Amino acid sequence: MSIVDFDNLSDHEPDSIPVVPSAPMANGDSIPTAFDPRQLRAGRLTRLRDMMAEQGYAAVVLFDPNNQRYATGSRNMFGYFLRNSTRYIHVPLEGPVILFEYPGSAHVSTWLETIDEARTSKVVWSAVNQRDNLSSDPFGVEIAELVDAYGKGNRKVGLDRCALNLAHALEAQGLEVFDCMQDTLHCRRIKTPEEIACLAQSMAGSEAAVAEVEASIRPGLTENELFAILYGNVIRQGGEFIETRLLNSGPRTNPWFHEASDRVIRPGELVALDTDTIGCHGYYSDFSRTFHVGPGKPSGYQQSLYRMAFEQVHHNMAILAPGVSYREIAEKAWKIPERFFDRRYPSIIHGVGMHGETPLVAHHMDFDRFSSDGILEPGMVVSVESYIGEVGAADGVKLEEEVLVTDTGTEKISNYPFDEALLGRQC
């Protein structure tokens, strides 16, 4: 099953883009999966500009591909520009949105109603060819001219990837330069209805991929072979990529964060995975499951780990509601037994959108080190994490659910079933 990505249909004119048909991959009646792509783009750009007005920006210059897609729906060579910041988009508070594109590829995005003009990037290949000293000044001059033209005297500009040479080039033109990444992420914390539909479609795709992985688990396969099944499904469904390689087995389930390898899976072991998938429409789906490798039944120890992880996730989901503070979540979270404390997962919850986003709520003992306080708000989407494993043991269990914060509580976006045998419910 595949999904059409309406942000990236370069052979369609803007006025001929169809509305996504009703939910071929719906994961429940309560979260619609149909949406209007124009309204998706318009809603995100409005939220971004509202943030700019609140923070006093005349313009932001977006180098991060996720922010570029959020602002405009434009995507081009996504993985390449994650590492090579030479494509950028100038978004003024008022005025035309201008794409500064890789040579010869503007046609990928100029059909979008959110892109008013396309020019060639001033910094293409500059670092690769040791030309930063030559490209920085033309970049600064051109952006300053745009700010002069549309900023109404405001000289504050945000860069979401604040390269030192480019920041200095803008400052040399008399602009006030700020790193705006945290502002854009804070803006993105609240999802529009269209974004929630995208998240639901992305999740349904990941659930289908995980189902194929689970059905394929058997002794003799390698972790890499299972990971290839997961990844292949993501690509077939129009997804981008998987951010991590978190699929492991047997003694590699403890501690967590072992990446998929050529290890051969054996009977009686556990296989654990975390989807970490940037799926269709550029939206993240993030849930985790752990499976038992047959033949035979899980051990009592494996079941005890699984039940604790299950309890942790569900206890912490029950805390979540609009208006609850991040610190309160940390203080009321499930109490980790001492022997599992050292290998606790770093966060209780983290935001979900185009990737792992705002907020990140750490455990109470880590809160002041990693987190800032805030409150849950309707429209936030978060993943609720659990990892249970102890030092010196062979097994660990990873579980995770993704939920939407609503006006009255939460609603699950992830609906993948838990393992009845590991829960001890299977006869």
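Modeller: Two strands count as paired if DSSP finds at least two bridges between them; strands (E, at least two residues) and helices (H or I, at least four) are DSSP runs numbered from the N terminus. The model is predicted, so local features need pLDDT of at least 70 and side-chain atom pairs pLDDT 80 or more, while totals for chains, interfaces and linings use all residues. Residues are numbered from 1 along each chain as its sequence is written, and side-chain values use heavy atoms, without hydrogens or water.

Two bridges join strand 7 to strand 10 (residues 277–278), and isoleucine 242 has threonine 277 of strand 10 as its bridge partner.

Another open sheet has six strands in the order 4-3-2-1-5-6, and its pairing is mixed. Strand 4 (117–120) and strand 6 (176–179) are the edge strands, pairing on one side only. From one strand to the next the twist averages 20 degrees (axes are lines fitted to C-alpha atoms, for helices over the stretch in contact; angles run from 0 to 180 degrees between N-to-C directions). Strand 3 (residues 98–101) runs parallel to strand 4, joined by four bridges; glutamate 101 is opposite threonine 120 of strand 4.

Helix 1 packs on this sheet, touching strand 1 (59–62), strand 2 (88–92) and strand 5 (156–159), at about 65 degrees to strand 2, where contact means heavy atoms within 4.5 Å. Helix 2 also packs there, touching strand 1 and strand 2, at about 45 degrees to strand 2.
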